[in-house]
Structure formats: structure tokens, C-alpha cells
Amino acid sequence: NFGSGGTGAAGTFRIDNFQVQAIAAPTSSIASIEGRALGALGAGLARVTIELTGGSLSQPVRVQTNSFGNYRFGNLPVGDTYVVTVYSKKHAFIEPTRVINLKDSISGVDFVAYDQ
């Protein structure tokens, strides 16, 4: 709100209740990597091991895909480089390793098996 006029020389105004609110996009310090392990025909592969290394991890982190082939690694610091690798005794994968420079959460890091 502006005051009701000047109190001195012409063009001088009093400003009451002046507030500035900075609006900025939130920055995330953590993110996630997620995707699926898929058969050649697109069906999810259950109980496939996905391993995450790199970044500030002190040791590899391993997860198993669920019944739909989904996996997820959460609470990862952004700005780091990670390596995601798929392992399976039953399936060979077209591209078994991915290198990811994590800047924000990423999905769709999928691994597709050869037709066996």
C-alpha cells in the first residue's frame, strides 16, 4: 500500500506495509532413479537384481524388481554420477549398464532383455 500522499517536496511519497516476497523454484538436494526390467515383448521381469554404484555411495546398493519389473533408488544426492547395472541368471540384457549424471529425479531407466 502506498501512503496517502507526500510529506515534503513534491513527488516524495511514504510507503507503508511494503513487502517483497521472492518466488523461486525449489531446488532439490535429493532425487531418485527408477525404471523397469522388461522382457523382449515388453512384459515386466520380476526378481531381477538392479545395482547402483557411484556418487557418494560408500558401497553398492542392490534392489530386486517387483512383480511388474519396477525398481527404484531414492534419497540420492543430486550432482553426482551413478552407474546402474542389471543382473539376472535367466536373462541377458541389450544394454546392461547405464551411466547417469543425476540432476533431478529420473524415471524410465529401463533395461530390455534379449528374446530368449
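What is the strand order in the open sheet of three strands? The order is β4-β1-β7, and the pairing is mixed. Strands here are DSSP runs of E, at least two residues long, numbered from the N terminus, and two strands pair if DSSP finds at least two bridges between them. At the edges stand β4 (70–77) and β7 (111–112); each has a single partner strand, so one side of each is left without a neighbour in the sheet.

Before I go on, a note on the source: this is a predicted model, in which local features need pLDDT of at least 70, side-chain atom pairs count only at pLDDT 80 or more, and totals for chains, interfaces and linings use all residues. Residues are numbered from 1 along each chain as its sequence is written, and side-chain values use heavy atoms, with hydrogens and water left out.

Back to that sheet. Strand β1, residues 30–38, runs parallel to β7, and two bridges join them. L38 has V112 in β7 as its bridge partner.

Now the other sheet. It is open, has four strands in the order β3-β2-β5-β6, and its pairing is antiparallel. Its edge strands, β3 (61–64) and β6 (97–101), each pair on one side only. From one strand to the next the twist averages 20°; axes are lines fitted to C-alpha atoms, and angles run from 0 to 180 degrees between N-to-C directions.

Strand β2 (residues 49–54) and strand β5 (residues 81–87) are antiparallel and joined by six bridges. Among the partners in β5, Y82 goes with G54 and T85 with E51. On to β6: five bridges join β5 to β6, again antiparallel, and V84 stands opposite R98 in β6.

How confident is the predictor? The chain averages a pLDDT of 85, and 75% of the residues score at least 70; pLDDT is the predictor's confidence in each residue, from 0 to 100. Residues 1–8 have pLDDT below 50, with 15 contacts beyond near neighbours in sequence, a contact being heavy atoms within 4.5 Å. Residues 22–26 are also below 50, and that stretch has zero such contacts.

Last, the largest pocket. A pocket is an open set of points on a 1 Å grid over the protein atoms alone, where a 1.4 Å probe fits, with protein on both sides within 12 Å along at least five of seven lines; lining residues have an atom within 4 Å of a point. The lining includes L45, R47, Y87 and H91.
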